[in-house]
Amino acid sequence: MEFQGQTAVVTGAAQGIGFAVAELLAQKGVKVVSWDVDQGNAAAMDKIGGTAIACDITDLASVQAAYAKTCADVDTPTILVNSAGIAGPNATVEDYDVDAWRAVVDINLTGTFFVNKVCVPGMKAKGYGRILNVASVAGKEGNPNASAYSASKAGVIGLTKSLGKELADMDIAVNCVTPAAARTRIFDQMSQEHIDYMLSKIPRGRFLEVEEAAKMIVWAVSAENTFSTGAVFDLSGGRATY
């Protein structure tokens with residue numbers, strides 16, 4: 001896959017799928033910049049020779065500042081992988097905490113909107129770009145007792161399709177993936193009952209490995225992806241193939 005001279009922003013790259021993507025991109029010669037609030041962000045980027053920038057994706061001013069610093073210190077990013085996200089608590093809709101709902105939607109959906117919004121103009125100016133937003137199979141099917149997460153990830157799918165159509169006449173691809181659960185720190189936010197439910201729904205009979213997700217994502221943001229845009233790539237182990 002061709003990545004010569006590319007700079008990538010990966011949100012949520014301090015751990016999990018985001019780090020696996022950042023690591024694989026770095027191995028391919030991409031200059032990787034991680035935007036994350038995680039205290040382990042700098043250490044994670046040190047491991048792969050990347051750049052860590054503190055960024056709260058729920059704050060538009062913070063995203064704009066991170067973008068300006070990326071352009072000044074590294075280069076204008078032509079690759080964006082938006083992996084930052086939280087699961088939120090497990091509860092029925094009637095019992096779901098309102099503040100928790102807002103937090104999940106702010107990070108998973110509004111944060112994705114902010115990051116896409118800020119990065120697109122630079123890609124348009126360069127005449128090239130690749131964007132990959134990490135959604136979830138929950139955004140397709142809706143997981144019970146996870147309404148905020150399911151709704152926010154459904155929103156990410158809709159946002160991706162809309163932006164993909166807006167940029168379809170340019171060499172800027174905007175796609176998303178819908179992973180089944182991977183065993184990352186996001187499990188710390190879930191009940192064991194919910195974890196068991198998610199595993200029971202995967203025909204493969206196991207959780208997704210972050211390295212598997214990284215391989216599909218890195219292809220989607222490569223120059224080899226010349227035609228797919230506004231697409232949803234399945235990573236659910238057979239749970240949902242549409």
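Predicted model: local features only at pLDDT ≥ 70, side-chain atom pairs only at ≥ 80, totals over all residues.
A residue is called buried when its relative accessible area is under 20%, exposed when over 50% and partly exposed in between, using a 1.4 Å probe and protein chains only. Numbering runs from 1 along each chain as its sequence is written, and side-chain values use heavy atoms, leaving out hydrogens and water.

**Overall fold**
- The protein has 8 helices and 7 strands, taken as DSSP runs numbered from the N terminus (helices: H or I, at least four residues; strands: E, at least two).
- Its radius of gyration, taken over C-alpha atoms, is 17 Å, close to the 18 Å from the globule rule (2.2 Å times the number of residues to the power 0.38) for 242 residues, so the protein is as compact as a globular protein of that length.
- Along the principal axes, the C-alpha atoms fill a box of roughly 45 × 35 × 35 Å.

**Burial and contacts**
- Of the 242 residues, 53% are buried.
- Contact means heavy atoms within 4.5 Å; among contacts between residues at least 6 apart in sequence, 70% join residues at least 24 apart.

**A look at T7**
- T7 sits in strand β1, which covers residues 7-11.
- Leaving aside residues up to four places away in sequence, T7 touches V30, K31, V33, V74, D75, T76, P77, T78 and I79.
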